[in-house]
Amino acid sequence: MRIAVTGSIATDHLMTFPGRFADQLVADQLHTVSLSFLVDNLDVRRGGVGPNICFGMGQLGGSPVLVGAAGYDFDEYRGWLDRHGVDTGSVRISEVLHTARFVCTTDRDHNQIGSFYTGAMSEARLIELKAVADRVGGLDLVLIGADDPEAMLRHTEECKTRGIPFAADFSQQIARMAGEEIRTLLDGSTYLFSNEYEKGLIESKTGWTDAEILARVGHRVTTLGSRGVRIERVGDTPIEVGCPEETAKVDPTGVGDAFRAGFLTGLSWGVGLERAAQVGCMLATLVIETLGTQEYTLRRANFMERFTKAYGEDAAAEVQSHLA
């Protein structure tokens, strides 16, 4: 399978302030705040849902096609992704804007002050999927992840017009999208991804019931946090897959992206929905044990040992040849 992943491309600039924000705020002067915090450290991380998912797929031996918009400062990030098996040939590079970035300061009480700069992400709406498909020799599936909202709508409409199967994955963009937009994005998708909270929000905003949404999509994939994932399809018994035992809970950021990476890679191997979900849950477990969304290392022997322990010999035998 040739899979393209559309989504935000960004870097995170994370700082830590050793004091408390609250101690710096004067109650009767909040209308004219002017503050500067001397921070102890700066942690710059690669991020964005598109690269996070593609990185995971590359770690599993896939060749995902990243589709999104980045700035003229993207060269180093591109080199990192290229080295880890990601096809970055369809990333649009802005001539005037920086790559999107999240800048956040966290105090000792874990309160945060952050800003998100959209930057080049706004140019993702100018990307045409036909050009991507022509370059790589066709597309079997397009995951439409959180990105510039106009880009998400354009990619969805183009997939429908050209008959390209697509997966709807709005994640953090659900909050800003209207019900009509969400209905457009999910209707006719082969896969609809969300977590439990987002599942309820989708139903609330669209006005459609769970059953009505399920009738409009091929498969509904709902991540359940530490309880794993549930996959539903009309007329079939739901598939539920649990998570492998983790060695530590270091950072949950990017866990959902890692699950999608493993699940999509499993689909490309042709191992079936349950096995694909198991691969996704195993990869997500590696991410929660690591600080950063693309800082983990997939050691195949260790991956298979833990996968076997979690899901059994038969499941491992089906996955092993593809991973090797």
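Me: In which sense do strand S2 and S3 pair, and over how many bridges?
Reply: This is a predicted model. In it, strand S2 (residues 10–16) pairs with S3 in the antiparallel sense, over 7 bridges.

Me: Which residue in S3 stands opposite Met-15?
Reply: Leu-42 in S3 is the residue opposite Met-15.

Me: What is the strand order in the open sheet of 4 strands?
Reply: The order is S3-S2-S6-S7, and the pairing is mixed. Strand S3 (41–47) and strand S7 (112–117) are the edge strands, each pairing on one side only. From one strand to the next, the twist averages 15°.

Me: Helices now. At what angle do H4 and H5 pack, and how far apart are their axes?
Reply: Helix H4 (residues 149–162) packs against helix H5 (residues 179–186) at an angle of about 40°, and the axes are 9 Å apart. That angle makes H4 oblique to H5.

Me: Is the crossing of H4 and H5 left-handed or right-handed?
Reply: The crossing of these two helices, H4 and H5, is left-handed.

Me: Which residues in H4 and H5 meet there?
Reply: From H4, Met-152, Leu-153, Thr-156, Glu-157 and Lys-160; from H5, Glu-181, Thr-184 and Leu-185. By class, the contact of H4 with H5 has 3 nonpolar, 2 polar and 3 charged residues.

Me: Different topic. What about the phi of Ser-171?
Reply: Ser-171 has a positive phi, about 40°, although it is not a glycine. Most residues other than glycine have a negative phi.

Me: Where does Ser-171 lie?
Reply: Ser-171 is in the loop between strand S9 (166–168) and H5.

Me: And is Ser-171 buried or exposed?
Reply: Ser-171 is buried, because its relative accessible area is 15% and buried means under 20%.

Me: Last one, Lys-199. In which helix is it?
Reply: Lys-199 is in helix H6, which covers residues 196–206.

Me: Why does Lys-199 count as buried?
Reply: Because the relative accessibility of Lys-199 is 13%, and the cut-off for buried is under 20%.

Me: What does Lys-199 touch, not counting residues up to four places away in sequence?
Reply: With those residues left out, Lys-199 touches Ser-194, Asp-210, Arg-220, Thr-222 and Arg-230.

Me: Fine, that covers my list.

Definitions and conventions: Residues are numbered from 1 along each chain as its sequence is written. This is a predicted model: local features need pLDDT of at least 70, side-chain atom pairs count only at pLDDT 80 or more; totals for chains, interfaces and linings use all residues. Side-chain values use heavy atoms; hydrogens and water are left out. Buried means under 20% relative accessible area, exposed over 50%, partly exposed in between (1.4 Å probe, protein chains only). Contact means heavy atoms within 4.5 Å. Two strands pair if DSSP finds at least two bridges between them. Axes are lines fitted to C-alpha atoms, for helices over the stretch in contact, and angles run from 0 to 180 degrees between N-to-C directions. Angles under 35 degrees count as roughly parallel, over 145 as roughly antiparallel, 65 to 115 as roughly perpendicular and the rest as oblique. A crossing is left-handed if the near helix is turned anticlockwise from the far one by less than a right angle, and right-handed if clockwise. Ala, Val, Leu, Ile, Met, Phe, Trp, Tyr, Cys and Pro count as nonpolar, Asp, Glu, Lys and Arg as charged, and the others, Gly among them, as polar.
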